[in-house]
Amino acid sequence: IDVATNKAWTALTFRQDTLSIGQASRPDGPAAPVRHFARVVVMGGGVPIEAAGNLLGAIAVSGAPGGEADEACAKAGIEAIRQDIEF
């Protein structure tokens, strides 16, 4: 639960998915220092929720075999409610 919560927090704070943050924050990447911040999780599964150009929050999944699968599940969750959040 803590990993998923922190993935959602990371996606919301940085306004991008955690898979992208993970790639940008590799040791030789331009965002490498963010890996040292408390609560930052740099593996896939956290996705910001946006609708009508507004940031509404974030969703995160943890526990699938790999961050890519976690992210796919999170994105599917957003798409399942897409009609309800668009305004």
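I count a salt bridge when a side-chain nitrogen of Lys or Arg lies within 4 Å of a carboxyl oxygen of Asp or Glu. This is a predicted model, where local features need pLDDT of at least 70 and side-chain atom pairs count only at pLDDT 80 or more, while totals for chains, interfaces and linings use all residues. Residues are numbered from 1 along each chain as its sequence is written, and side-chain values use heavy atoms, with hydrogens and water left out.

Entry 1, salt bridges. I find four in the structure. One of them joins Asp70 and Lys7, at 2.9 Å from N to O. Asp70 belongs to helix 3 and Lys7 to helix 1, so this pair ties together parts 63 residues apart in sequence. (Helices are DSSP runs of H or I, at least four residues, and strands are runs of E, at least two, numbered from the N terminus.)

I use buried for under 20% relative accessible area, exposed for over 50% and partly exposed in between, with a 1.4 Å probe and protein chains only. Asp70 is buried at 3%, and Lys7 is buried at 0%.

Salt bridges link Glu79, Arg82 and Glu86. I read 3.3 Å between the closest N and O atoms of Arg82 and Glu79, and 3.2 Å, N to O, for Glu86 with Arg82. Arg82 is partly exposed at 21%, as is Glu86 at 38%.
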